[in-house]
Amino acid sequence: MSSTTHDHAHEGHAPHKQSFVSRWLMSTNHKDIGTLYIVAAFCGAMVGGVLSMIMRLQLMYPHNGIITSGNTWNAIITAHGLIMIFWFVMPALIGGLGNWFVPIMIGAPDMAFPRLNNMSFWFLVAGFVFVMLGLFLGSGTGAGWTLYPPLDNAQYSPGVATDFSLFSIHLVGISSLLGAINFIATILNMRAPGLTMHKMPLFCWSILVTAFLLVLAIPVLAGAVTMLIMDRNFGTSFFEPAGGGDPVLFQHLFWFFGHPEVYIMILPAFGIISHVVSTFSKKPIFGYLGMVYAMVIIGFVGFVVWAHHMFVSAISTDSKVYFEVATLVIAVPTGIKVFSWIATMWGGSIEFKTPMLWAVGFIFLFVIGGATGVVLANASLDQELHNDYFLIAHFHYVLSMGAAFAIFAGFYFWIGKMSGHQYPEFWGKVHFWTFFLGVNLTFFPMHFLGLAGMPRRYPDYADAFAGWNYVSSVGAIISGLSTLVFFYVLYSVFTSKEKLADNYWGEGATTLEWAVPSPAPHHTFEDVPVIR
Amino acid sequence: MKRSIVSALGAACLLVLLGHVALAQTAAPDPTAAANSYVNAPFNWQMWFPVAGSPMQAQIDWLMQYVLWIMAGVVGFVAILLAYVLTRFRASRNPKPSQVTHNTLIEVVWIVVPVLLLAVIIIPSINLIYYEADDSNPYMTVTVTGHQWYWEYSYNSVPGLDYTSYMVPDDQLKPGELRRLSVDHPMVLPVGEKIKFVITSGDVLHGFYLPSLGVQKYAIPGTTLTSWTTITKPGTYFGQCNQICGLNHDAMPIEIKAVPLADYIAWTKTALATYTDNAAPPSSPMPRNQLADATR
């Protein structure tokens, strides 16, 4: 990197005076939009988190009276699922950290389509308004985040709430789609001279693969949701058996989107973990090409395994065999990623800063979630485990401990670069250990509940399930308290006066964002960086 | 001395009590009484599957242990590897990092070994898929229809035997009944015979889920799915609706009374007489028993 980048950088801090409205409501700067996305994801996490606290308090004891109506309960579980996926994990990983760091890492001045970027953010906000209306209007949307008809058709879910929730999926879908197009155009066309695809940082690769998954999967969801809206409001019968339709068609369309969606949430996490592990081991990533193509293969195979969500629904026996085998194949590239992270640490000089704790926690807990994933992929076992708490435990191990741990790893890793101020190391570690304890205590007992046969989405349960539910709720309270520690971390960051060096992690941090000042200036590069 | 007198008295009382129960039973014979001898219900702090009530669940239990031990080995291996790396290569012990980024042999090994492990899992798993799907030559067939929020059981081999099964509301529980699991009219099935379930729905999706028998299928309107079971031992078995179906999703459990074949045949005769008024139109929009939110 030429030193001129630094000399001019200070002018870049405030290139021209922008009013608050012009800077934040009409932003075209990828860093400002990234910040907006992170703020939105924070709000989404708070709302989704409060909903999960309400759920765990209700489930703390059998016959509990916090939620008095099954409709309210169903509205809460639906909103929890939708908000955590579409308004927390995706905006945090893709819109937030992706927007902030992909252009910097590839040496681009900004995203390819800055105004499209802004539009994509405001569609997300509009969608959030609608999903909240879906939660609060009337008796709420109570079909679960999977939105299976006939429960959410006009007969069984009358009222506008469900229409609002369905429309919010359209809005957030457009937001993701525009964002994905933008990332693909940026990454394929705007890399700095010399930065070939096979030299590109893994986080950029993870966002590129994710963007392709979004472009291919979101339109299918949009089609399914459109058909549902038509069934509800315009008298069609795509999913109505009485009119020659089939509810199973919706399940196929939904999961053709829904399964790639789980990789949309976890691939950017893989990218972040690779950067953190490499930085704090002070080693380049082990088996870079294997890591890249493992992600490409996961993305590809992720599209041909959707019916493993339907093993006890209407699919034939031979299809079960195919979908089981195809699903298990994904364990191989995932194993490549895990072993490559460990091999990256092997021989390294490991420093246990907070981001590294989150990354190691991610690897271990993701392996547990992956192991139960291999169990659930067996169609023969899924006949027992489908939709019970074993499944809930599995997908919270890969999301609440996979994706969320990676988001925190990324936050602690890059907050200095984004804000110019470092987090307090001690409180970051306290946050990690309390959250680690809390989520494990919440979700590990759920394996036992599932094996004992407790179904999901129950506001009240047989007395025999009381013990582990109590433990799980205690864990949830610990995670909630841990979030207060995180608030304190945020407070410390934004009140800190400490100035940070460009590369505050030292020799292990080698990607382009560490060559620009902290915080990264408004215009990142005054000169085009050249990669050798 | 005193104690032995007390226990003798207690035993005498118990005998009298049992005699009364026996007398009561001879007065009004209950063909499903054999099912009360053994109750297969979830219990507090349970950490594993229910005791297998059918050969299918026994096989699922075996495969689960097989797969879970393999995966526990994988998780344990990764955990040990992580623990070793994190202690051996921490900055204080290894200040100078190596710069090795490739090792073809190990990269091949960590592809080939997982593939072999998967093959070892897939073979018995696929066999079990076909076993689970083989509903041929049943002794009898029960058509199960899910409704908001009760189950309807129609015995195909007993013309006219079609009745509904509601959860016992919390405030009407009798001693011995389990909250959120016991129903007013359980499904009665013979022990040792192959029973085929034809599962469908009258309104929204439901899930016909019997964990102790290894049976689970969606109930889908406009479609029938099939499953089967052979119950090995007389007793009471429980299940629950396992696909979100509206505001009383948690209030439509399944209870099965498994009895010897002769008792089952006797039951069908009494049931035909008892349940005729029960086969009332299943399309009634609200449950007969007041299952609404008041019970919560």
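Where in chain B is the place of B:Trp45? In this predicted model, B:Trp45 is found in the loop between β1 (39-40) and α2 of chain B. The backbone of B:Trp45 has a phi near 65°, a positive value in a residue other than glycine. With a relative accessibility of 45%, B:Trp45 counts as partly exposed, because that value falls between the limits of 20% and 50%.

A positive phi is also found in chain A, where A:Arg457, likewise a residue other than glycine, has a value near 65°. A:Arg457 belongs to the loop between α15 and α16 of chain A, and its relative accessibility of 9% places A:Arg457 in the buried class. The limit for that class is 20% relative accessible area, and A:Arg457 is therefore counted as buried at 9%, whereas B:Trp45 at 45% is counted as partly exposed.

Two cis peptide bonds in chain A may be described next. One of them joins A:Pro149 and A:Pro150, with omega at about 5°, and A:Pro150 lies in the loop that runs between α5 (114-136) and α6 (161-189) of chain A. Another leads from A:Ser518 to A:Pro519, with omega near -5°, and A:Pro519 is located in the segment after α16 of chain A.

The loop between α5 and α6 of chain A also holds A:Thr141, which counts as buried at 3% relative accessibility. A polar atom of the side chain of A:Thr141 lies 3.1 Å from the backbone oxygen of A:Ala161. When neighbours within four places in sequence are left aside, the residues in contact with A:Thr141 are A:Asn74, A:Ala75, A:Thr78, A:Gly134, A:Leu147, A:Ala161, A:Thr162 and A:Ser165.

The size of an interface is often given as the accessible area lost when the parts come together. Between chain A and chain B the buried area is about 8,000 Å², and carbon and sulfur atoms give 68% of that area. In chain A, the residues that lose the most area to chain B are A:Phe339, A:Gln383 and A:Glu384, which together account for 9% of what that side buries. In terms of contacts, 98 residues of chain A meet 90 residues of chain B.

Polar interactions between the chains comprise 35 residue pairs in polar contact, counted where both residues have pLDDT 80 or more. Across the interface of chain A and chain B, three salt bridges are found, including one between the side chains of A:Asp463 and B:Arg179, with an N to O distance of 2.9 Å. On the side of chain A that touches chain B, the elements giving two or more residues are α4 (70-105), α8 (247-281), α10 (317-329), α11 (331-345), α12 (354-377), α13 (379-385), α15 (425-452) and α16 (466-495) of chain A. Of these elements, α11(A) gives the most, with nine residues. Sorted by class, the chain A side that touches chain B contains 58 nonpolar, 26 polar and 14 charged residues.

Within chain B, a division into domain 1 (55-92 + 106-133) and domain 2 (140-287) is assigned. The centres of these two domains of chain B, taken over C-alpha atoms, are separated by 37 Å. Contact between the domains involves seven residues of domain 1 and nine residues of domain 2 of chain B, and the area buried between them is about 560 Å², of which 61% comes from carbon and sulfur atoms. B:Pro55, B:Met56 and B:Gln57 supply 72% of the area that domain 1 of chain B buries against domain 2, more than any other three residues.

Across this interface of domain 1 and domain 2 of chain B, zero salt bridges are found, while three residue pairs are in polar contact, both residues of each pair having pLDDT 80 or more. On the side of domain 1 that touches domain 2, the elements giving two or more residues are α2 (55-88) and α3 (104-133) of chain B. The greatest contribution to that side is made by α2(B), with four residues. By class, the side of domain 1 of chain B that touches domain 2 has five nonpolar, one polar and one charged residues.

Conventions. Residues numbered from 1 in each chain as written. Chains lettered and ligands numbered in written order. Predicted model: local features only at pLDDT ≥ 70, side-chain atom pairs only at ≥ 80, totals over all residues. Heavy atoms only, no water. Domains from an automatic or database assignment. Contact = heavy atoms within 4.5 Å. Buried area = accessible area lost by both parts, 1.4 Å probe. Salt bridge = Lys/Arg side-chain N within 4 Å of Asp/Glu carboxyl O. Polar contact = N/O pair within 3.5 Å; in protein donor to acceptor, adjacent residues only side chain to side chain. Nonpolar A, V, L, I, M, F, W, Y, C, P; charged D, E, K, R; others polar. Buried < 20%, exposed > 50% of the residue type's maximum accessible area, 1.4 Å probe, protein only.
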